[in-house]
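Good morning, and thank you for making time for this presentation.

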Amino acid sequence: LQHTLQSKHILSAFVSPLPGPCEPEDLIDGIIFAANYLGSTQLMSERNPSKNIRMMQAQEAVSRVKSSDGDAQTLTEVDLFISTQRIKVLNADSQETMMDNALRTISYIADIGNIVVLMARRRMPRTASQDCIETTPGAPEAKKQYKMICHVFESEDAQLIAQSIGQAFSVAYQEFLRANGINPEDLSQKEYSDIINTQEMYNDDLIHFSNSENCKELQLEKSKGEILGVVIVESGWGSILPTVILANMMNGAPAARSGKLSIGDQIMSINNTSLVGLPLATCQGIIKGLKNQVQVKMNIVSCPPVTTVLIKRPDLKYQLGFSVQNGIICSLMRGGIAERGGVRVGHRIIEINGQSVVATAHEKIVQALSNSVGEIHMKTMPAAMFRLLTGQETPMYI
């Protein structure tokens, strides 16, 4: 969320009004949901899990928590406080704070029936570098395991809670603008450009998102019972807007048939439901729920499938601020030069300084990045999309 609060600005068309279950003003002050706290568990996870692993981890956390206490489990009634700043868990009776998490620390939200799982990565020790320079050549990077804390709650409002947390991220974008004396609703093209210049962002994402020609509202026609025929993937932490990207389309299905969508498009909302900040599984569920609709309205930002990154590194003594495992960006240091240059977690590096690294060994990629100074140009795309486009993965259309 640091990236969100320091350098993300989005068109007023997408932030006002903000689709979601809550009034934005309420999220700023904080809202409370009643829930039962079932427990927490710690999982070991790869740094960059595949698209379905997160939901499987959430389901495993639920299974562990429920089985650990058995039928004799005493439910703890809690108040779940959600705001644009933090998520707190209060004992419903004593109002004592049981947990207090800054919103930015939540890495995944899952709602499974009446269960909500909040997942957060544990802070890594400083010896565990987030920089490529300290990635040991030849080390089995893909085997590294990281600790993930999963908090499990039960509530009739499980889906509402997940949507509210997603909306809290969106409202936080607006609040940053207001804190700097800018009214998001009155943000003109010129003012937008001025903001971009003061932020000194090295990638062109902000300019791209501020160009109204790239922001479209589409109406798709389909038959009742027909699937939309798309594959979506996460845009990746560090992207200008945490949402989903169109990664594949089924030939002859409504999405491809319309001729209005392209691979790489970022989907902002569907039928007035915002997808910003929601987990991938939730977004997939929303799209699956369109099966019996005959018309689908979508807000998208047209984006190329390949993301252009420009990192400015004055000297080798400056950390790049991200790490790579087998060509995939697996962590990103908040406030670092890589974040400002457009690096996104979960993306595969396609090219470094004009040279393709698609078939390059891990050690050589690390070496190329470690020794680079000045302007480092990279091209990346979501790893899941890369696997689909190269035939390594069979598309599961929804």
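I begin with a term: a nonpolar core is a set of buried Ala, Val, Leu, Ile, Met, Phe, Trp, Tyr and Cys residues joined through side-chain atoms within 4.5 Å. Buried itself means under 20% relative accessible area, exposed means over 50%, and partly exposed lies in between, with a 1.4 Å probe and protein chains only. The model is a predicted one, in which local features need pLDDT of at least 70 and side-chain atom pairs count only at pLDDT 80 or more, while totals for chains, interfaces and linings use all residues. Residues are numbered from 1 along each chain as its sequence is written, and side-chain values use heavy atoms, with hydrogens and water left out.

Let me give the overall picture. The chain has 12 helices and 19 strands; these are DSSP runs numbered from the N terminus, helices being H or I of at least four residues and strands E of at least two. Of the 398 residues in the chain, 52% are buried. Contact here means heavy atoms within 4.5 Å. Among contacts between residues at least 6 apart in sequence, 74% join residues at least 24 apart.

Which residues touch the most other members of the largest nonpolar core? They are Ile 82, Phe 153 and Ile 165, in a core of 25 residues. The elements giving two or more residues to this core are β1, β2 (76-82), β3 (86-91), β6 (115-121) and α5 (158-179). Helix α5 gives the most, with seven residues. Ile 82, leaving aside neighbours within four places in sequence, is in contact with Leu 27, Gly 30, Ile 31, Phe 33, Ile 161, Ser 164, Ile 165 and Ala 168. Apart from this core lies another, of 23 residues, among them Leu 261, Ile 270, Cys 283 and Ile 287. As a general remark, nonpolar side chains in soluble globular proteins tend to be buried together.

Phe 153 belongs to strand β7 and is buried, with a relative accessible area of 1%. Not counting residues up to four places away in sequence, the residues that Phe 153 touches include Tyr 37, Leu 38, Val 78, Val 89, Met 99 and Ile 115. Phe 153 and Ala 34 are 119 residues apart in sequence, yet their C-alpha atoms are 9.9 Å apart in space.

Strand β7 leads us to the sheet. Seven strands form an open sheet in the order β4-β3-β2-β1-β7-β6-β5, with antiparallel pairing; two strands pair if DSSP finds at least two bridges between them. Strands β4 (97-102) and β5 (108-112) stand at the edges with a single partner strand each, so one side of each is left without a neighbour in the sheet. Within the sheet, β1 (residues 31-45) and β7 (residues 146-154) pair in the antiparallel sense over nine bridges. Ser 40 stands opposite His 151 in β7.

Next, helix α11 (residues 362-370). Its buried residues are His 362, Ile 365, Val 366, Leu 369 and Ser 370. They cover an arc of only 130 degrees around the axis, which puts them on the same side of α11; the arc is that of the directions from the helix axis to the C-beta atoms. What covers them includes β14 (307-313), β15 (322-325), β17 (347-352) and β19 (374-382).

In β14 lies Thr 307, which is buried at a relative accessible area of 9%. Strand β17 is mostly covered, as five of its six residues are buried. Five bridges join β17 to β19 in an antiparallel arrangement, and two join β17 to β18 (residues 355-356), again antiparallel. Glu 351 stands opposite Lys 379 in β19, and the bridge partner of Glu 351 in β18 is Ser 356. In the hairpin of β17 and β18, with two residues between the strands, Asn 353 takes a positive phi near 50 degrees.

Finally, the cysteines. How many disulfides does a search of the whole structure find? The search finds zero, a disulfide being a pair of cysteine sulfur atoms within 2.5 Å. For Cys 215, the closest cysteine sulfur, in Cys 303, is 8.6 Å away, too far for a bond. Cys 215 counts as buried at 18% relative accessibility, and Cys 22 is buried at 13%.
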